[in-house]
Amino acid sequence: YFGGPAGSGTHMISAMASDSSEAAVKDLCGGGDNHRFSIEMDELMLHALLEGDGKVYVYGLDTLGAANKNSQLRQSPKALKTDFAVRDCTIESVIDEIGLDKLKVMLSTENIDEIESSISMICSSAWEEVPSVPFTAVDERFTNDFMGEYVAGDTFLNTETGTFQGTVEGENISAFRNNEAKNSVVKAFPEINTCNHNSIMCCFGRDRQPNDNNGNCADPIDTKCINADPADNSNLCFTDHDNHPFPGRDEGQIHCHGLAWADDENAATAQLKYNNFFYVSLYDHMYTRGYVENMVDSEEVPMCGCIEDMPPVSRADCTEISTNAVFILEYVGPSLGLSGYLSNYESLEAKFNACRGINPSNGNRANNDLASYVHRLQLENKISIDAKTRVFETLVGYDQPGNNNNEEACAAAYEAKTGLVYPENNFAATGYLDSVAYGLVLGWACDQDEPTTSVGVHIYFGGPAGSGTHMISAMASDSSEAAVKDLCGGGDNHRFSIEMDELMLHALLEGDGKVYVYGLDTLGAANKNSQLRQSPKALKTDFAVRDCTIESVIDEIGLDKLKVMLSTENIDEIESSISMICSSAWEEVPSVPFTAVDERFTNDFMGEYVAGDTFLNTETGTFQGTVEGENISAFRNNEAKNSVVKAFPEINTCNHNSIMCCFGRDRQPNDNNGNCADPIDTKCINADPADNSNLCFTDHDNHPFPGRDEGQIHCHGLAWADDENAATAQLKYNNFFYVSLYDHMYTRGYVENMVDSEEVPMCGCIEDMPPVSRADCTEISTNAVFILEYVGPSLGLSGYLSNYESLEAKFNACRGINPSNGNRANNDLASYVHRLQLENKISIDAKTRVFETLVGYDQPGNNNNEEACAAAYEAKTGLVYPENNFAATGYLDSVAYGLVLGWACDQDEPTTSVGVHIYFGGPAG
């Protein structure tokens with residue numbers, strides 16, 4: 001009933017109390033889960049209330065229909081409440097005051113997100129009644145740029161010395177504290193506008209103001225105030241941009257103070273956070289106490305900043321802000337919903353007091369402590385656990401609010417971040433002078449007391465400290481390798497690289513010709529400065545490498561030296577220069593074509609040779625005593641050892657760093673290789689070579705060769721590095737000559753293709769050869785020594801081959817690594833290719849492609865490896881590798897109308913068409 005009790009109310013409705021109800025209601029009713037009702041008032045009901053007594057009366061009806069047992073509910077009637085007052089206009093406060101069920105009706109939605117969004121908009125609208133002011137309202141000089149410099153510690157406010165009392169800026173700050181800071185919203189400047197973890201902290205390193213009973217500045221200021229410390233209330237643990245530790249009191253006395261705010265943007269602590277920042281930094285600490293400047297002299301360490309931008313400290317004091325504000329939220333009916341306003345914002349009267357916090361370690365009260373205040377905010381669900389965790393990463397002594405120094409917390413935080421022990425000054429500086437060469441002084445230095453910190457070095461030219469004719473200071477701060485890190489106990493920046501100028505060079509010439517280097521103690525103890533090991537060193541100007549590759553040259557000379565020698569920081573340019581220098585050195589070696597073996601061995605002839613089609617391949621008999629045999633033998637002992645053999649077209653563009661020959665016939669008796677024997681006319685025409693492999697299938701037509709269908713075959717190959725100046729690459733055709741013409745044809749008589757097909761060459765690039773189980777392997781090496789000489793800044797680096805006549809190429813069984821277990825596996829092409837890839841001399845892609853031809857790569861000793869052949873065949877064709885288990889079968893359909901029709905196949909190779917013999921007039925025979 002609306003507007004009066006039963007019988008007199010101006011409007012009545014009936015409803016069911018059937019909404020879901022809580023356990024307490026269930027207990028009072030003796031059971032059931034659906035006893036609640038929620039009636040949204042419409043205009044008719046609202047009018048009835050206004051026309052009557054303004055109250056709502058509710059009666060419960062007896063379930064058995066006994067009218068005398070209908071009864072008015074307790075607390076009925078109730079007058080309509082249309083406005084509510086909250087002290088903090090946040091989502092949580094409004095829901096607590098009004099109730100979620102009422103808010104659902106007032107805001108005409110069941111959606112919690114929509115309700116919270118509406119509350120936020122209502123509260124934001126109420127806050128908009130409060131005027132907002134920038135920091136230029138404190139002092140017109142306090143622009144955004146100025147305030148950015150102020151929190152960095154760089155304005156006249158920070159750097160000057162003396163009192164603020166009676167100055168223009170001091171009076172302005174005081175006036176702002178008593179007016180706008182209390183009754184307006186102070187706006188941010190960029191440096192503190194996007195704090196991610198609900199907190200700002202200032203840590204001051206100097207007291208500039210005497211006579212305020214705070215800090216150590218005193219009259220006369222010119223002697224007692226220039227570098228005076230503030231009152232100490234914290235401990236700087238380390239600067240986290242460089243992990244530089246501050247054990248003991250290395251940073252001097254510091255004073256840290258901060259503030260924090262709730263997640264809800266309409267909480268007074270959030271709306272007025274920059275008021276609080278003004279109070280903490282400009283008023284309470286700078287104006288009142290004279291505290292200014294950064295803790296340490298570093299652009300990476302601000303005086304004030306978001307908590308995530310400040311280095312780890314033991315703790316900080318804390319100020320919280322509160323107000324006299326009362327927010328009124330008024331329900332204005334179904335059509336307009338809920339609105340809000342701030343009751344008399346002129347009496348906002350912001351108050352700044354020491355934070356009331358809760359000790360994270362024991363739950364006791366802990367006031368004036370930023371970490372404890374943040375912990376309280378999180379316990380009250382006003383900030384997230386993640387935000388608190390991040391604040392605690394800066395306030396590392398969070399669980400001991402009263403322990404200003406808390407060196408143990410600093411040590412634990414430092415060790416957790418760096419993995420290093422918090423330092424004590426137990427070690428002298430140490431290091432190593434690597435070389436003095438090619439215009440560079442190279443080495444490393446560190447101090448194991450602070451292993452992640454780069455140390456200084458003093459470098460003397462022409463004599464030791466005290467007698468050297470010239471000295472420079474430098475930092476050992478270049479990137480350093482893992483071995484140096486291990487020796488120093490940590491850190492990645494301990495190397496130095498000093499380019500010598502004319503002054504240094506003259507000092508060397510005028511003195512003893514040596515360079516002396518001393519490492520400096522990180523904590524400034526002169527008695528712990530020490531001369532580096534291998535110091536002094538005389539100047540070096542040339543280097544020797546056995547293989548003139550990019551990798552070998554960088555390993556021998558070092559990247560830092562090369563950057564100076566070649567006058568570039570660009571790695572691609574350095575590698576290109578090395579390639580040109582090495583290529584130029586190789587050009588000193590004469591190159592010869594295959595016609596230098598025998599004038600008949602032209603490019604066309606060699607193309608036919610690798611196809612298996614020359615007289616070398618097709619004839620039978622020994623090569624010993626023949627013209628071509630003697631020519632091959634002589635070339636092996638001369639040009640093949642000391643010149644560069646040039647390619648012919650068929651093997652000139654191998655894409656995957658390998659060539660392989662697979663021989664199908666032995667043409668030469670009496671050499672203890674293969675099956676050719678006297679008399680050759682009966683025992684050598686189709687003699688097999690010594691078997692060392694298995695032809696799996698010919699991949700141009702997917703024809704399989706199960707068992708020993710191809711007969712005995714012998715496969716042998718070679719491979720080379722990607723770097724075109726590696727000996728294996730420069731001399732790859734020397735190696736091909738050795739493998740094919742000398743070692744297999746001349747020495748063993750192995751010739752011809754594995755099978756009679758123009759699509760299957762005898763020798764070819766690995767990608768042009770059919771899949772086999774494996775191949776033997778020969779690698780080439782030399783006695784060559786390449787000299788690279790630094791000839792000064794204008795000419796850079798040059799190279800030459802020392803005595804190319806002693807190149808002395810050697811041909812030996814490849815030394816490889818078994819791909820399946822990492823053990824040594826020699827004389828196996830797949831294992832050698834795997835080793836080259838492990839040494840980063842060829843790509844993984846090249847190795848993969850080689851393994852597609854050498855399909856039994858993971859079993860180097862298994863010549864037959866039918867299983868690998870079967871797997872490769874099935875992977876390519878999707879068919880089962882055949883065995884000869886079935887007879888040919890088929891069906892003769894008809895003999896009629898001039899046609900013989902039918903079909904035939906062999907189930908061993910069901911995708912292959914078979915031949916048929918057709919007899920007329922009688923069966924076979």
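1. Buried here stands for under 20% relative accessible area, exposed for over 50%, and partly exposed for anything in between (1.4 Å probe, protein chains only). Helices (H or I, at least four residues) and strands (E, at least two) are DSSP runs, numbered from the N terminus.

2. A word on the source: this is a predicted model, in which local features need pLDDT of at least 70 and side-chain atom pairs count only at pLDDT 80 or more, while totals for chains, interfaces and linings use all residues. Residues are numbered from 1 along each chain as its sequence is written, and side-chain values use heavy atoms, with hydrogens and water left out.

3. Phe737 deserves a look of its own. Leaving aside residues up to four places away in sequence, Phe737 touches Phe594, Val597, Ile632, Phe635, Arg636, Ala640 and Tyr742, where contact means heavy atoms within 4.5 Å.

4. Now the disulfides, defined as pairs of cysteine sulfur atoms within 2.5 Å. Searching the whole structure turns up 15 disulfides. One of them joins Cys318 to Cys355, with S to S at 1.9 Å. The torsion about their S-S bond is about -65°, so this link is left-handed. Cys318 sits in strand S15 (residues 317–322) and Cys355 in the loop between strand S18 (351–354) and strand S19 (356–358), so the pair ties together parts 37 residues apart in sequence. Both cysteines are buried.

5. Cys548 and Cys582 form a disulfide as well (S to S 2.0 Å). Its S-S torsion is about -75°, so it is left-handed. The pair links distant parts of the chain, 34 residues apart: Cys548 is in the loop between strand S29 (542–545) and helix H18 (550–557), and Cys582 is in helix H20 (residues 571–586). Cys548 and Cys582 are both buried.

6. For Cys662 and Cys715, the S to S distance is 2.1 Å, and with 115° about the S-S bond the link is right-handed. Cys662 belongs to strand S32 (residues 658–663) and Cys715 to strand S36 (residues 714–719), so parts 53 residues apart in sequence are tied together. This pair is buried too.
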